[in-house]
Amino acid sequence: MTDHLYYHDSFLYEFDADVAEVTSVDSRPAIILDRTAFYPTSGGQVFDTGWIRPAGAEQKCRVTEVAERDGGAILHFLETAADIQQGSRIRGFIDIDRRRDHMQQHSGQHVLSAAFIQLFNMPTVSFHMGDDACSIDLDTKNLSAAQVEQAETLANDVIIQDRPVTIRFVTQEEAQGLGLRKLPPVERDKLRLIDIENFDLTACGGTHVASTGQIGSILLRKIEKVRQGWRVEFVCGKRAVTTARHDYNALTESGSLLSSHIWDVPQQIRKTQEESRAARKSREQLLEELAGFYAEHLLTETPEHQGRKIVIRIFPDRDLSFTKLLAQRLTRKSPNVIALLGATSGQAALVFAQSPGQPFDMGVLMKEALGKLGGRGGGSKDMAQGGPVQVEGLEDTLKQGADRLRS
Ligand SMILES: [Zn+2]
């Protein structure tokens, strides 16, 4: 079993070790060491990356992933198969920026989970560390925005107080009386405890900061209901700054688009939404009025033939909804109207309608038209609509339809 150097010192960024095994998993080259400071994915914390340099070699070899194999051995996946022999010595280098970030997120999680317990007795049931944000799942039925803010404030107070964070090893028996926030599910002889002075004591195998001040800060973000309770997204340390910067840039752009201060953005959006609702309503009214006038105009200029008026019209600057409106106006105004209308603004549309009581079948007529133009559509005896694939020949198709009705 590999000696876990990171258990005792999270700040050990370089170390020497012997190669215990050279192997590969799914044709990815990997090595196992007798001791390592590389953290493998576990307990919600993701793996370290870094480099390995064989003794006497100039070139470093990139460690792309670290994972724990069944039985406890730790696999260091290498970017390329290197000339490394079993039994040889290597020097390992941890990617410090990535490790520091992970320490900030993971220690921040401990502080946050303890804050939710102390304030509201909401236990954390899982922890997830993502590339951009982290999250904890709280076992609770309800979680309010005010509670989120309170937990954030307490967590940041604990960070500012710069409390020491220490590592301790105890037996299961000793752990019983210590009031741990969380006991690990597996039975182990020795428990590794992370102790945030006078604030939180919990069993954990992760890499942690030496004092809470190193977490920097914690920013709580989205909350969402999940099956088990509530998920709280958060970012710590440098990620909090990066995220806040990103948010600020987005807000600044929104503010400038609305010509308002960023704090007035929600109010401006509300106002804009109201204006847009009012504009939509007024546009609908205008279109109805326009359809009314159009209908009158078309009925006046269309001659009667065998007691019927067949109106044929294609509107290059109107859409389906206006054409339908017009068809309704035309066929309801008089009892003897057949309207064969098309619109070619945006998605082309056809609307066929007849006054109630007229003997034709608009659904059948539409199918015939679409047989020529392609596309789908249909409808009832008095009203049908369709979306032709091609607009070329549209007018001829309508004229031919009218001829069929006249014959
Ligand atoms: Zn932990």
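The largest cavity has a volume of about 40 Å³, where a cavity is a set of points on a 1 Å grid over the protein atoms alone at which a 1.4 Å probe fits but cannot get out, and a volume is the space filled by probe spheres set on the points, joined across faces, edges and corners. The whole structure holds 1 cavity of 30 Å³ or more. Its lining (residues with an atom within 4 Å of a point) consists of His305, Gln306, Arg308, Ile310, Phe360, Leu405 and Arg406.

The model is predicted: local features need pLDDT of at least 70 and side-chain atom pairs count only at pLDDT 80 or more, whereas totals for chains, interfaces and linings use all residues. Residues are numbered from 1 along each chain as its sequence is written, and side-chain values use heavy atoms, with hydrogens and water left out.

An open, antiparallel sheet has the strand order β11-β12-β13; strands are DSSP runs (E, at least two residues) numbered from the N terminus, and two of them pair if DSSP finds at least two bridges between them. Because β11 (165–171) and β13 (200–203) each have a single partner strand, one side of each lacks a neighbour in the sheet. Strand β12 (residues 190–196) is joined to β13 by 4 bridges, and isoleucine 196 stands opposite aspartate 200 in β13.

His106 (NE2), His110 (NE2) and Cys204 (SG) coordinate the zinc ion at 2.0 to 2.3 Å; donors are N, O and S atoms within 2.8 Å of the metal (3.2 Å for Na, K and Ca), and sites may look incomplete as water is not among the atoms. Histidine 110 and cysteine 204 are both buried, that is, under 20% relative accessible area (1.4 Å probe, protein chains only).

Methods
1 Å grid on protein atoms, 1.4 Å probe; cavity = no way out; pocket = protein on both sides within 12 Å on 5 of 7 lines; lining within 4 Å. Buried < 20%, exposed > 50% of the residue type's maximum accessible area, 1.4 Å probe, protein only.
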